Amino acid sequence: MRLLLLATALFVVQALLAGLGVDAHAPAPSWLFMSVQAVTVAAVLVYRRNEPKPFTPIWLWLTAATGMQLIWAGTNVLATYVGDAGDVIGRIAVVFSGLYMLPCMYIIASSFDRREPRVVTLVDLALSALVAALLVSLIFNLMPGGPHASPTSILVIIQHADAIDFSLAAMATLRMFGTRSLHKRFFYFATATFLWINAAAAWAYNRLELSGLPPWTGPMISVAYVALIVVLARPVPLWLSRYRPGRRTVQTINAFAPVVLALGTLLLAVSVSRFDFGLGMLGAAASVVLYAMRVAFIQSRSQDMQRAAQLRNQNLQQQLGRDPLTGIANRAMLEPRLRDTLREGAPRGTSCSLLMIDIDLFKQFNDSRGHLAGDECLCRVAHVLAAQPLPRDSLVARYGGEEFAVVLPATDATAARAIAEHLIDAMERLCIPHPQSPTGYLTISIGLATARCHPSTDPMELIEGADQALYRAKREGRNRCVAAGNGAEATGPSGRPSSLPANHA
């Protein structure tokens, strides 16, 4: 508040001098203007000091923007004391006046996210530095006394300045509406307020300067600085604190902002190419390459985050007992469910059956159709298995790779064999083409094991028995069910004993 009172007092004195007709270039109005700017820089630094630590860096960029304007005013004051032969100091002053847009462009382009790769920050800074180099070239070539100066060249510079000033103000406003954090939203609100007023004042100032500045132009330029201090001194507007953009709005605006920086650089390079073709084309190429690098690094980071998220999801699914690819139960759930089934069925004297299912010639299917088709095949098989009518409390799980398991509570060997044959038929009806298969379609082999429910029964014995039966089904020709035990009969999809020769595998 003290800084606001000081800035207001300086502004009032400046306005009084303008009312008395004191020349805007005179020492007193110039020193007053510099004082207002210095107080504004101090106000931004004080506000930054009171902000939470994660948000303090962004205020340094606004300090840099207002500080560049202070250097511009100081350079003009220096010219009034030492003279300006050849308008060298004047051109330097114009450069500093234009360089304020560098921190402004970074404010607009950067997301100020600590998770953002450092190389993206460096690319944004490189784009801003490229803009500075092109701007300096434009000013020194087209200003009076420059090698490419003409009666209309100063208007070209003014028009470029207007386009840049109003574009910065518009983009700062857009960033304000695309920020979820209230601290950042207020930062962009303060920045947009300063930029809009400064753009309007600069538009008028640059045109008035062509025919000689009237006394009141000094206070006119100071309005933007006093307005910024007023914004910082007052509480956050209620509408700004209540406003909260949607996530899609935030993502769209954050993705769009860097495009403006690259596009502005490209257009400035085109202007420079009119009198320096080599530098202009180099600037245009550099802007495209830098923006492409930015996009590439952002996409790489996004892909890394997606992979990390997928890995976390897989770990979570495994912890929850779900297979992340197919969505059915995973191997971790199989043994506990078998143990519970064997224990709970003991009082009723029921049996528990286990089916171990393997997709026939799946390696050849993967090799010929590709891993994406293989993953899709696994999902379709899992869906078919889970969709079949099974006894109550049954469990369909992915055991690993192309192998599945089905726990059948209260199911004896005869009933389990009927279910297995039904699953074989269902897989054949699915009609997934498989040229390497003897049938021309994808088939499955099933190993069956049954045990009387008892708390002392080891679930691993049932798993090993069904697994051994599965290996026998593979050896005996595939596309069949084989039950565990010596001399167990193998059946094909028809349910009758299989007469296929062993070399059919």
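The side chains of Arg-343 and Asp-340 come together in a salt bridge, with 3.2 Å from N to O; a salt bridge here is a side-chain nitrogen of Lys or Arg within 4 Å of a carboxyl oxygen of Asp or Glu. Both residues sit in helix 13 (residues 331–344), three residues apart, about one turn of the helix. Helices (H or I, at least four residues) and strands (E, at least two) are DSSP runs, numbered from the N terminus. Arg-343 counts as partly exposed because its relative accessibility is 42%, and Asp-340 is partly exposed too, at 29%. The scale behind these words is simple: buried means under 20% relative accessible area, exposed over 50%, and partly exposed in between, with a 1.4 Å probe and protein chains only.

Before going further, a word on where this comes from. This is a predicted model, in which local features need pLDDT of at least 70 and side-chain atom pairs count only at pLDDT 80 or more, while totals for chains, interfaces and linings use all residues. Residues are numbered from 1 along each chain as its sequence is written, and side-chain values use heavy atoms, leaving out hydrogens and water.

How many salt bridges does the structure hold? There are eight. Another of them joins Lys-363 and Asp-367, whose closest N and O atoms are 3.0 Å apart. These two are separated by about one helical turn, because they lie four residues apart in helix 14 (residues 362–369). Lys-363 is exposed, with a relative accessible area of 57%, and Asp-367 is exposed at 55%. Helix 14 also holds Asn-366, but this residue counts as buried, since its relative accessibility is 14%. Leaving aside residues up to four places away in sequence, Asn-366 touches His-371 and Gly-374, where contact means heavy atoms within 4.5 Å.

Other salt bridges reach across the chain. The side chains of Arg-207 and Asp-162 meet at 2.7 Å, N to O. This pair links distant parts of the chain, with Arg-207 in helix 8 (residues 182–209) and Asp-162 in helix 7 (residues 153–177), 45 residues apart. Arg-207 is partly exposed at 32% relative accessible area, whereas Asp-162 is buried at 8%. Elsewhere, Asp-358, Asp-360 and Lys-474 are linked in a network of salt bridges.

Now turn to a pair of helices. The axes of helix 5 (residues 101–109) and helix 6 (residues 118–142) come within 9 Å and cross at roughly 145°; axes are lines fitted to C-alpha atoms, for helices over the stretch in contact, and angles run from 0 to 180 degrees between N-to-C directions. Which residues of helix 5 meet helix 6? They are Met-101, Leu-102, Met-105, Tyr-106 and Ala-109, and their partners in helix 6 include Leu-125, Val-131 and Leu-135.

Finally, consider confidence. The mean pLDDT of the protein is 84, and 92% of its residues reach 70 or more; pLDDT is the predictor's confidence in each residue, from 0 to 100. Over residues 486–490 pLDDT stays under 50, and it also stays under 50 over residues 493–505.
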